[in-house]
Amino acid sequence: MSYRPRSQWSIKGIDLSNKTTEQASALFAQVLEGRLHGLCYSAYEEGQQPGSILTEEQIRRRMAIIAPYTKWVRTFSCIEGNELIAKVAHEFGLKTLVGAWLGDDKALIEEEIAGLIKLAEQGYVDIAAVGNEVLYRNDLSEEELLGYIHRVKEALPNIPVGYVDAYYEFSVHPRITEACDVTPAKCYPHWERCHIDYSLVHAKQMYYQALAAGKGKKVIITETGWPSQGTGLGDAQPSHENALRYFLNIQQWAAQEDIEVFYFSSFDE
């Protein structure tokens, strides 16, 4: 990425206080033009929510907007039209981290697992994610989650398989970490009430904790971001400047260290 002179960065990341809005926006544009590693695909439009049936037309419309600016997309489900996202992404030349949503409804889990395996067999899955924050929500036991991970791994021996959760869950659940081919970790300094000045350092600490938990296995940051609006959490304050600063810092670090990051999110839902 060509937007960085290193002199602009410090342990606190880039300093935007001495830049005009136009200069800051220009930095943002340069990052996008260089293409991000990945974006979390936001499918739902006004009036929709999880459970709404997605149409191929709306998926294509949004994919056309983001395709020039990313190399990968991450999906969260393999039913209710979400299965179309991976197919459309591949048509646009993007790679996919495809997730099966695991909740507390066993019948829906079976649909999700079947959908993930089918998509992979059709060639639309580059990395498979079995569940998202299942342990955080306590929807399934560790043993149940392991069973689903192993089922998918057995069905898809040539595709990397992982489970997505907060970075610290991989330290708490070593059996889950060991079962994953990669460590897909969520890293949100904002949710841990971190001041924006120290958010980059904290994000790095999250990453390296997940890396240690996986004993050097590749860590993919499957979600990170900073809100531009809303209610603050302790020292973590939403603002347009903070959101822009965090975005630039994470992308700069990822480019320097060759870290795979999926930014949350492609559209405001």
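Which residues of helix α3 (residues 83–91) are buried? They are Ile85, Ala86, Val88 and Ala89, where buried means under 20% relative accessible area, exposed over 50% and partly exposed in between, with a 1.4 Å probe and protein chains only. Helices (H or I, at least four residues) and strands (E, at least two) are DSSP runs, numbered from the N terminus. The buried residues of α3 pack against α2 (56–66), β2 (70–74) and β3 (95–100), with contact meaning heavy atoms within 4.5 Å. Just after α3, glycine 93 takes a positive phi of about 85 degrees.

Before going on, some ground rules. This is a predicted model, so local features need pLDDT of at least 70 and side-chain atom pairs count only at pLDDT 80 or more, while totals for chains, interfaces and linings use all residues. Residues are numbered from 1 along each chain as its sequence is written, and side-chain values use heavy atoms, with hydrogens and water left out. As for pLDDT, the predictor's confidence in each residue from 0 to 100, the protein chain averages 94, and 96% of the residues score at least 70. Over residues 1–9 pLDDT stays under 50, and there the model has 27 contacts beyond four places in sequence.

Now to α1 (21–33). This helix has 13 residues and reaches 18 Å from its first C-alpha to its last, close to the 18 Å expected at 1.5 Å a residue; the expected span is 1.5 Å times one less than the number of residues. Ala24, Leu27, Val31 and Leu32 are buried in α1. They sit on the same side of α1 because they cover an arc of only 140 degrees around the axis, the arc being that of the directions from the helix axis to the C-beta atoms. An α-helix has 3.6 residues a turn, so residues three or four places apart point the same way. Glu22 and Glu33 are exposed on the other side of α1, while β1 and α10 (240–257) are among what covers its buried residues.

Glycine 34 is partly exposed at 40% relative accessibility, and its C-alpha is 14 Å from that of aspartate 258, 224 residues apart along the chain. Arginine 35, which also follows α1, has a positive phi near 75 degrees.

What about the backbone elsewhere? Most residues other than glycine have a negative phi, and most peptide bonds are trans. Glutamate 80, in the loop between β2 and α3, has a positive phi near 60 degrees. Asparagine 138, in the loop between α5 (134–137) and α6 (142–155), has a positive phi of about 60 degrees and is exposed at 65% relative accessibility. The peptide bond from phenylalanine 264 to serine 265 is cis, with omega near 15 degrees, and serine 265 lies in the segment after β8 (260–263).

Threonine 177 belongs to helix α8 (residues 174–179) and is buried, with a relative accessible area of 2%. A polar atom of its side chain lies 2.7 Å from the backbone oxygen of phenylalanine 170. Beyond four places in sequence, threonine 177 is in contact with residues including Ala213, Gly214 and Lys217.

Finally, the cysteines: the structure holds 0 disulfides, a disulfide being a pair of cysteine sulfur atoms within 2.5 Å. The sulfur of cysteine 40 is 12 Å from the closest cysteine sulfur, in cysteine 187, so it is too far for a bond.

Terms used
Polar contact = N/O pair within 3.5 Å; in protein donor to acceptor, adjacent residues only side chain to side chain.
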